[in-house]
Amino acid sequence: MKNSKITKKEIRRILDLAKITVQPEELTKLTEDLGDIIVEIDKIKNLSEDFLVGNVIFQQVNNQFSLTSKKMTYSLERIKENFPVTEGGDPVIPPIKGDK
Amino acid sequence: MKKLTIADTLNSPAEQIKNKVKSAINNSKGLNIFLETYGVKPSKTKKGCLNNVPFSLKDNILLEGKISSCGSRMLEDFVSPYSAFVVEKLLAAGALPVGRTNMDEFAMGSSTENSAFGPTKNPLNSEYVPGGSSGGAAASVAVGSCAFALGSDTGGSVRQPAAFCDLYGFKPTYGVFSRRGLVSFCSSFDQIGIIANNVDDIITVSSVMNDKDPFDLTSYADRDLQDIEKINYDNVDLRGKIVGIMSGFDPIPVSDDIQSRYLELIEKMSDLGAEMVNISPPFLENSVPLYQILSTAEASSNLSRYDGIKYGLRKEGKTIDSMRRSTRSFGFGEEVKRRIILGTYVTASEYSEQYYKKALKIRGLMRKNYEAFFSTINYILLPTTPTPPFRLGEKINDPVSMYFSDVFTAIANILGTPAITMPCGESSDGLPIGIQLMGGIGSDLDLLKFAGKVAGELK
């Protein structure tokens with residue numbers, strides 16, 4: 001088996017947490033597959049905090065020809081329309097279908 | 001294959017539609033599209049704007065009294081106790097459900113090969129996959145058995161199969177369609193979506209399905225969408241609209257055919273007056289690993305309810321614990337187990353800070369970034385998939401490569417924004433290619449009108 005980012009022992013522990021049992025051959029394949037997937041998700045783990053902070057600042061798009069700026073906003077009316085129905089300040093819980 | 005549209009259906013006698021649907025279903029049996037058909041029973045009285053319009057349901061959307069198995073042995077005999085909110089709306093408007101369609105188990109997959117009931121084949125070429133996880137839904141429209149199909153889109157599961165079957169596929173802003181009656185996979189990404197033969201049909205169906213549902217507090221009424229009538233595309237102007245495009249996809253490998261169709265579409269849209277601007281969508285290359293962490297984390301929690309006690313399958317065991325383990329081990333397929341384990345791993349106490357919590361932080365930053373993007377541009381144009389349809393079995397043993405199919409679609413689910421895929425020619429092998437337009441939060445109707453105008457100009 002190729003070097004994996006995760007061991008069979010660790011997979012067995014996770015399987016126990018997830019309440020799943022697998023056959024020995026299934027465990028080997030699972031360990032290999034998860035090893036490959038963990039290499040991918042490690043890209044997130046390895047992103048530096050500086051990168052995250054740097055990207056909070058919006059990356060300027062190359063729209064120097066643009067004359068208009070459009071921002072999607074909701075009117076107060078529209079927000080109110082979608083607010084839960086309340087009674088005495090508390091949201092009204094709708095009756096469960098079929099209950100009398 | 002004669003495709004069906006809503007206009008065809010409304011303008012034809014009910015008996016004729018019934019025969020068309022029956023013959024399309026019978027002729028496509030070898031493709032394994034439907035897990036169950038309901039029989040078409042047209043109504044003699046007019047109910048609403050979708051009177052006797054046939055539609056199909058993905059196997060994870062509930063219809064009262066009918067089985068919803070989610071393509072899994074776990075729910076093989078599960079009978080829905082109620083109908084999904086959007087299904088109730090469609091039935092009230094007169095639409096006719098023709099059957100439930102095959103899917104990747106619990107919507108986990110990009111090829112419809114992960115179904116416990118066998119793979120679905122692509123109606124355009126049966127050696128290829130129809131995409132997934134709503135592969136059966138897309139195929140049901142492609143063979144002409146219905147005018148539209150309901151699917152679910154958690155990472156691209158409506159748009160990718162629509163692109164692979166040469167159709168239109170729409171995922172709305174998170175909350176436009178209630179999720180009540182959609183079996184949960186990843187609750188913060190899941191959205192019901194529509195697959196159809198044209199944008200007008202998607203608009204009509206969206207206007208029927210949208211409403212605030214008191215049982216899903218993330219849903220909301222969009223009055224613009226609800227009140228829409230026939231669109232006059234003469235009044236829709238591409239001029240003045242700013243569309244963000246990518247001048248290159250590096251480091252994402254994209255097939256040459258798709259790059260060519262993408263560039264051609266950019267040129268056409270530019271000729272029609274849209275302003276095309278180069279952008280570099282932030283975090284795009286990290287969207288798949290981010291999606292994998294967040295979606296599997298939620299899936300491992302959502303699927304913990306399948307323990308043999310309340311829902312679906314139960315395998316006997318000497319103790320409650322052994323019963324639960326044998327039920328889950330037998331009931332779930334390989335891909336579902338893989339994702340539950342990954343989700344359990346990334347949320348385990350010793351790893352959650354590095355994976356799950358960090359991914360949540362990045363999703364928050366991405367939303368801020370893209371909100372800023374959409375305050376300046378109207379839409380982003382992206383390929384729907386990095387490759388045209390692939391062969392059955394080609395990627396089934398390579399999960400990383402399969403997950404990569406979602407590289408351009410998962411971003412709309414991470415952000416909660418609307419996106420629509422449109423057919424855009426074919427590859428050198430004659431396989432369909434889809435291109436995707438994405439808009440800002442709440443811009444659903446605007447995006448659909450724009451896509452409809454572009455589609456009309458391309459014909």
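This is a predicted model: local features need pLDDT of at least 70, side-chain atom pairs count only at pLDDT 80 or more; totals for chains, interfaces and linings use all residues.
Reader: Why is helix 2 of chain A called roughly perpendicular to helix 9 of chain B?

Author: Helix 2 (residues 24–45) of chain A and helix 9 (residues 287–302) of chain B pack at an angle of about 100 degrees, and their axes are 8 Å apart. The range for roughly perpendicular is 65 to 115 degrees, so helix 2 of chain A is roughly perpendicular to helix 9 of chain B.

Reader: What makes the contact between these two helices?

Author: From helix 2 of chain A come A:Glu40, A:Ile41, A:Lys43 and A:Ile44, while helix 9 of chain B brings B:Pro289, B:Leu290, B:Gln292 and B:Ile293. By class, the residues of this contact are 5 nonpolar, 1 polar and 2 charged.

Reader: How do you know that residues of chain B are in contact with residues of chain A?

Author: Contact means heavy atoms within 4.5 Å. On that test, 65 residues of chain B are in contact with 57 residues of chain A. The area buried between the two chains is about 5,500 Å², with carbon and sulfur atoms giving 60% of it. On the chain B side, B:Arg325, B:Ile341 and B:Lys358 lose the most area to chain A, together 12% of what that side buries.

Reader: What makes B:Cys70 worth a look for its phi?

Author: Most residues other than glycine have a negative phi. B:Cys70 is a residue other than glycine, yet its phi is positive, near 60 degrees. You will find B:Cys70 in the loop between strand 2 (54–58) and helix 3 (85–92) of chain B.

Reader: Which residues does a cis peptide bond join, with omega about 10 degrees?

Author: Those are B:Asp250 and B:Pro251. B:Pro251 sits in the loop between strand 7 (242–245) and helix 8 (256–271) of chain B. The bond from B:Gly132 to B:Ser133 is also cis, with omega near 10 degrees. Look for B:Ser133 in the loop between strand 3 (96–101) and helix 4 (135–142) of chain B.

Reader: What lines the largest pocket?

Author: That pocket has a volume of about 390 Å³. Its lining is made of 17 residues, and B:Leu62, B:Tyr82, B:Val183, B:Arg305 and B:Tyr311 lie nearest its centre. The lining has 9 nonpolar, 2 polar and 6 charged residues.

Notes:
Residues are numbered from 1 along each chain as its sequence is written. Chains are lettered from A and ligands numbered from 1 in the order in which they are written. Side-chain values use heavy atoms; hydrogens and water are left out. On a 1 Å grid over the protein atoms alone, a cavity is a set of points where a 1.4 Å probe fits but cannot get out, and a pocket is an open set with protein on both sides within 12 Å along at least five of seven lines; lining residues have an atom within 4 Å of a point. Grid points are joined across faces, edges and corners, and a volume is the space filled by probe spheres set on the points. Ala, Val, Leu, Ile, Met, Phe, Trp, Tyr, Cys and Pro count as nonpolar, Asp, Glu, Lys and Arg as charged, and the others, Gly among them, as polar. Axes are lines fitted to C-alpha atoms, for helices over the stretch in contact, and angles run from 0 to 180 degrees between N-to-C directions. Helices (H or I, at least four residues) and strands (E, at least two) are DSSP runs, numbered from the N terminus. Angles under 35 degrees count as roughly parallel, over 145 as roughly antiparallel, 65 to 115 as roughly perpendicular and the rest as oblique. Buried area is the accessible area (1.4 Å probe) that two parts lose on being put together, summed over both.
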